[in-house]
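Please read the account below with the model open beside it, following each residue as it is named. The paragraphs move from single side chains to the ligand, then to ring pairs, strands and backbone angles.

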Amino acid sequence: MAARKLEKLIGFKVKGYDVSLYEGSLLKEVVDNKKAVITDDIIWVLKSYTNKKSLQKLAKTAAELTKAKWGMGAPLMAGNKLVGVIGCGSIKKLTKADAQRFVNFGAQAGQSIERAQTYAKLESAYKEVKHSNKLKDLFIDIMRHDLLNPAGVTKGIAELALSEEDEPDKKEALTMIINNTNKVIDLIENASILAKLESGEDLKFKKMDLRNVLKKSAGEISDLADKKRTKIKVDAKGEFKVMANPLMIVAFSNLIDNAVKYSPHDSEVVIEIKKDGQNWKISVSDEGPGIPDEYKEAVFERFRRVKKGGVKGTGLGLAIVKKIVEHHNGRTWVEDKSGGGSTFIVEIPMAR
Ligand code: ADP
């Protein structure tokens, strides 16, 4: 009420009004020393440390309105950080005890201001993240519908043309189109899975048997395995219950796909499940070139490809495996297989 009356008298809004810090002024003393100050001539102080006519008018009007003679300023502190200053006028003489009470109040008010500022910052960060997640969703939608469908159509037409083509040159060109379109499709599918996993969206879990998961994963690689005459052996008897999302099938098919891809023809990929405390430890071993120690962590990063040996890939497969396993509170890593090759290990908690 008093503020509104004052604003009416002086003709401008007090809230949001900028005040410069004058050398030697009371306000400057509070800011520099982070201590309370008291004056017995508040009007003189207010008038002397500003060259703004409007502020001088404010000081005069405030004094007439309140009849204040004494004045006091204190810092608004959030811990050791100064977040503002507070001042008041008084008709009665102000004492050191009043100043101490003002300082205590300033410490509490400072913390509240700091909390409110932090909250405002968090809120704006949250809005930004939400906005960028929306963009990501939009991008995934574009990838899945507007890019994947035409790529699928191109592949279909090229396959049809290839089946009716006899000329070797044209057959070669069509095969190249099909192979490259496959690469594009792989990249779109992998990138959209990874974007979904990284969006922070929670996955839904249901009770599954790891043996069935592995069977389905291996089934997805059977064409490639047949082509390379690779034997995929699942060495696991009994039940291996986990709480999992169907994406777990994608994780293991990526590992088995790599094991077949990077191994020579006529080799063997062995999958084992073992109990380790409260976890299942699933290993996928191959007879490929192995992974040098210095790349054992890096291969799980996006787009990181090491010794490719002419093998085609997107460099996203292992990043997806790692993310899926992390969503299941598990971990994954790679070790050397004795006698050559790699063993990729996934550790996930057992279902209770
Ligand atoms: P991509 O296979 O598409 O290149 P991945 O993320 O699946 O991408 O693998 C990353 C890299 O890790 C591969 O490029 C390859 O160098 C290496 N790698 C993955 N699996 C194996 C494996 N079983 N044996 C040898 N190297 C592998």
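Ser217 has a relative accessibility of 0%, and because buried means under 20%, Ser217 counts as buried. The model in which this value was computed is a predicted one. Ser217 has its place in helix 7, which covers residues 210–220, and a polar atom of the Ser217 side chain lies 3.0 Å from the backbone oxygen of Ile249.

Thr118 is part of helix 5, residues 96–163, and its side chain reaches the backbone oxygen of Glu114 at 2.8 Å. The relative accessibility of Thr118 is 37%, so Thr118 counts as partly exposed.

The ligand comes next. Which residues come nearest to the ligand, of the 19 around it? They are Asn258, Tyr262, Arg305, Thr314 and Leu318. By class, the shell around the ligand is made up of eight nonpolar, six polar and five charged residues. Helix 9 (247–261), helix 10 (317–327) and strand 10 (342–349) each supply at least two residues of this shell, and helix 9 gives the most, with three residues.

A polar side-chain atom of Lys261 lies 3.1 Å from an oxygen atom of the ligand, while a backbone N or O atom of Leu318 lies 2.8 Å from an oxygen atom of the ligand. For Asp286, an N or O atom of the side chain is 2.8 Å from a nitrogen atom of the ligand. Taken alone, the ligand exposes 530 Å², and the protein buries 97% of that area.

Asp286 lies in the loop between strand 8 and helix 10, and it counts as buried because its relative accessible area is 5%, where the cut-off for buried is under 20%. Asp286 and Asn258 are 28 residues apart in sequence, and their C-alpha atoms are 9.0 Å apart in space.

Phe240 and Trp280 form an edge-to-face pair, with 5.0 Å from centre to centre and 75° between the planes. This pair links distant parts of the chain, since Phe240 is in the loop between strand 5 (231–235) and strand 6, whereas Trp280 is in strand 8 (residues 279–285), 40 residues apart. Both Phe240 and Trp280 are buried.

Why is the pair of Phe300 and Phe344 edge-to-face? The ring centres of Phe300 and Phe344 are 6.1 Å apart and their planes stand at 65°, so the pair is edge-to-face, given that planes over 60 degrees apart count as such. Phe300 lies in the loop between strand 8 and helix 10 and Phe344 in strand 10, so the pair ties together parts that are 44 residues apart in sequence. Phe300 and Phe344 are both buried.

Strand 6 (residues 241–244) runs antiparallel to strand 4 (residues 206–209), and four bridges join the two. In strand 6, Met243 is the bridge partner of Lys207. Strand 6 also has two faces, a covered one with Val242 and Ala244 and an uncovered one with Lys241 and Met243.

The last stop is the backbone itself. Most residues other than glycine have a negative phi. Lys34, which is not a glycine, has a positive phi near 50°. Lys34 is found in the loop between helix 2 (26–33) and strand 1 (37–39), and at 41% relative accessibility it counts as partly exposed.

Asp266 likewise has a positive phi, of about 60°, although it is not a glycine. Asp266 is found in the loop between helix 9 and strand 7 (268–276). With a relative accessibility of 51%, Asp266 counts as exposed, because the cut-off for exposed is over 50%.

Technical notes
Residues numbered from 1 in each chain as written. Predicted model: local features only at pLDDT ≥ 70, side-chain atom pairs only at ≥ 80, totals over all residues. Heavy atoms only, no water. Buried < 20%, exposed > 50% of the residue type's maximum accessible area, 1.4 Å probe, protein only. Pairing = 2+ DSSP bridges. Near = heavy atom within 4 Å. Polar contact = N/O pair within 3.5 Å; in protein donor to acceptor, adjacent residues only side chain to side chain. Areas by Shrake-Rupley, 256 points an atom, 1.4 Å probe, with all protein chains shown as cover. Nonpolar A, V, L, I, M, F, W, Y, C, P; charged D, E, K, R; others polar. Phe/Tyr/Trp six-rings, centres within 6.5 Å; stacked < 30°, edge-to-face > 60°.
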